[in-house]
Amino acid sequence: MPSRRDFFETLMAAPALALLVRPAAAQAPAPQPPAQPPTPLQAATAAVADGQPISRQALIDYAREISKAPYQAPRAEIPRALTQLSLEQYRQIQFKPDRRLWAGENRGFTLELLPPGNVFTTPVAIRTVESGIIRDQRFAADLFDYGNVPPLSADASLPFTGFQALAPLNRPDQMNEVMTFQGASFFRAIARGQTFGLQARGLILNVAEPQGEEFPAFRTFWIERPGAGSTNLVIHGLLDSDSVTGLYRFSLRPGDITVCDTEVTLFPRVDLAHVGIAPLTANFLFAPNDRTNVDDVRGGVHDVNGLEMWNGNGEWVWRPLHNPDTLQISAFVDQNPKGFGLLQRDRRFEAYNDLDARFERRPSVWIEPLNEWGQGQIQLIEIPVNDEMNRNILAYWRPRQPLAKGGEHSFTYRMHWCWQPPERPSLPYVAATRTGRAAGGGRRRRFMVDYTAEEFADPTRGVGLKPNLTTQRGKVGAVDGRFVPELRLYRVTFELDPEAANQVELRLVLERDGQPQSETWLYRWTP
């Protein structure tokens, strides 16, 4: 047994033992689990963010990964004071000229970033690319002059809603707006000497379908800073919606014809049965071929007056536009079209007599496919309107086969914003279409179609020319063709009796010895 002395020696040693044991009792930090690698979407997002080098492949990868995730609509809190602005008030908010991106750097272009307000509330991320590195552009209230609109507070943190590119289009010492992106996937451009008119869109989905149209929107832009004295501006854009993500590359070259090469890669989230490639949209209120119930001092009110097509078989087709009483959808089946566009053919001031709108200066746009588009149709949609503010004309390419979910679908085309397309028929083309009431009243109509060509100044060129006019419904009569060399035209007149039909398709071409000698004129009559 331990002695009394042993017991006390043990008791006295206990505090020291406790001191020795206590540190040993402290637990070492638990090992941390290894850091999780970023998801493919996180990695792709980081690769195209501020401070990263620009890469076309990185942008493609980003769009692909975005398409694999459920769609998330971009949102931002926009002050009520801005959303309640009228369009006229909103336009008073102007980007300060001395704050334009690249101002004074002699790069051939400057940028103005567009604030939120009025209907423009969808946030758009704007990034520039400087020396190959991506740089975010951030909102600041002092970037803008506000006119009569109360200015924003200095600490306002808001998104941009688009941008416009400026270049010395009309004068070397003056920067002019040449291209603007704002609102969903809408954008517009002009050539030298023009005023803005029709617009283009990045993509059309399910237009005029029972389930309703879906509006994809550009949500991010990467704009490459051009070199000194450049005449070319490169813009990358990410488009997104419930059904599809897309990456776009625009190469803009302003001039007498403003050219914009466009590369599109689409990543559908669902099978896209009704998709519109290279869509154009414009207003058509009335013209000499469509003045029913019009009481207006002007001769015509329209951004454009016809759809021109150069189909895969080499045929040139002109389809005058119409402001119908009911929705009209026309489809022109084709394979690998050579081109199509909405054109403003009549460039005479007297045709419109409007000193403010200057319709004769509004651009035509010609779409030139740069790769094979396969089978499909050029689709034209005409919507009834009673004012000149609403765009009621749509034209676009619709592929025959749906774009498959999970695939990658590429289209490349060149847009020509122009006075007249660089490609034109070598044959006589339609200069004017006029209609009016025919003798006998009722629904009978009289038509006058003028073909023109420089060669028509030669009286011998009219020898043997005859109009070939056909219709699938109703009856045509009193067909007459007259060659007038002093006016360089060949005029075809005829009367249409639609009988009981509510829609009549007309087709006219000038022939010699049974062979076509002109572009083809197509027309849809509706009451």
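Helices, labelled H or I and at least four residues long, and strands, labelled E and at least two residues long, are DSSP runs numbered from the N terminus. The legends below use these labels for close-up views of a predicted model.

Figure 1. Glu65 counts as buried, at 16% relative accessibility, whereas Lys68 counts as exposed, at 58%. In the structure there are 37 salt bridges. Side chains of opposite charge can pair when their charged atoms come close.

**Figure 2. The side chains of Glu263 and Arg56 form a salt bridge.** Glu263 is part of strand E14 (residues 258–268) and Arg56 is part of helix H3 (residues 56–68), so the contact ties together parts that are 207 residues apart in sequence. Glu263 is partly exposed, with a relative accessible area of 30%. Arg56 is likewise partly exposed, at 27% relative accessibility.

**Figure 3. Arg298 and Glu388 meet in a salt bridge.** Their closest N and O atoms lie 2.9 Å apart. Arg298 is located in the loop between strand E16 (284–286) and strand E17 (301–302), and Glu388 in the loop between strand E23 (375–382) and strand E24 (393–399); the pair therefore ties together parts that are 90 residues apart in sequence. Arg298 is buried, with a relative accessible area of 14%, while Glu388 is partly exposed at 30%. Through shared partners, salt bridges join Asp296, Arg298, Asp354 and Glu388 into one network.

**Figure 4. Leu327, Ile329 and Ile383 make up a nonpolar surface patch.** Together, the three residues present about 220 Å² of accessible area. Leu327 is placed in the loop between strand E19 (316–320) and strand E20 (328–335). This leucine counts as partly exposed, at 44% relative accessibility.

**Figure 5. Four strands form an open antiparallel sheet.** Their order is E26-E27-E30-E29. Strand E26 (429–437) and strand E29 (475–484) are the edge strands, each pairing on one side only. Neighbouring strands of this sheet are turned by 15 degrees against each other on average, direction ignored. Strand E29 is joined to strand E30 (residues 489–497) by eight bridges, and the two run antiparallel. Thr493 in E30 is the bridge partner of Asp480. Strands of a sheet pair through backbone hydrogen bonds, either parallel or antiparallel.

**Figure 6. Ala278 adopts a positive phi.** The value is about 55 degrees, although the residue is not a glycine. Ala278 lies within strand E15 (residues 275–282). With 2% relative accessibility, Ala278 counts as buried, the limit for this class being under 20%. Most residues other than glycine have a negative phi.

**Figure 7. Asn353 also has a positive phi without being a glycine.** Its phi is near 60 degrees. Asn353 occurs in the loop between strand E21 (339–343) and strand E22 (364–369). This asparagine is partly exposed, with a relative accessible area of 45%.

Key
Residues are numbered from 1 along each chain as its sequence is written. This is a predicted model: local features need pLDDT of at least 70, side-chain atom pairs count only at pLDDT 80 or more; totals for chains, interfaces and linings use all residues. Side-chain values use heavy atoms; hydrogens and water are left out. A salt bridge is a side-chain nitrogen of Lys or Arg within 4 Å of a carboxyl oxygen of Asp or Glu. Buried means under 20% relative accessible area, exposed over 50%, partly exposed in between (1.4 Å probe, protein chains only). Patches are made of residues with over 30% relative accessible area and no salt bridge: like charges are joined within 9 Å, nonpolar side chains (Val, Leu, Ile, Met, Phe, Trp, Tyr) within 5 Å. Accessible areas come from the Shrake-Rupley method with a 1.4 Å probe; for residues, only the protein chains shown count as cover. Two strands pair if DSSP finds at least two bridges between them. Axes are lines fitted to C-alpha atoms, for helices over the stretch in contact, and angles run from 0 to 180 degrees between N-to-C directions.
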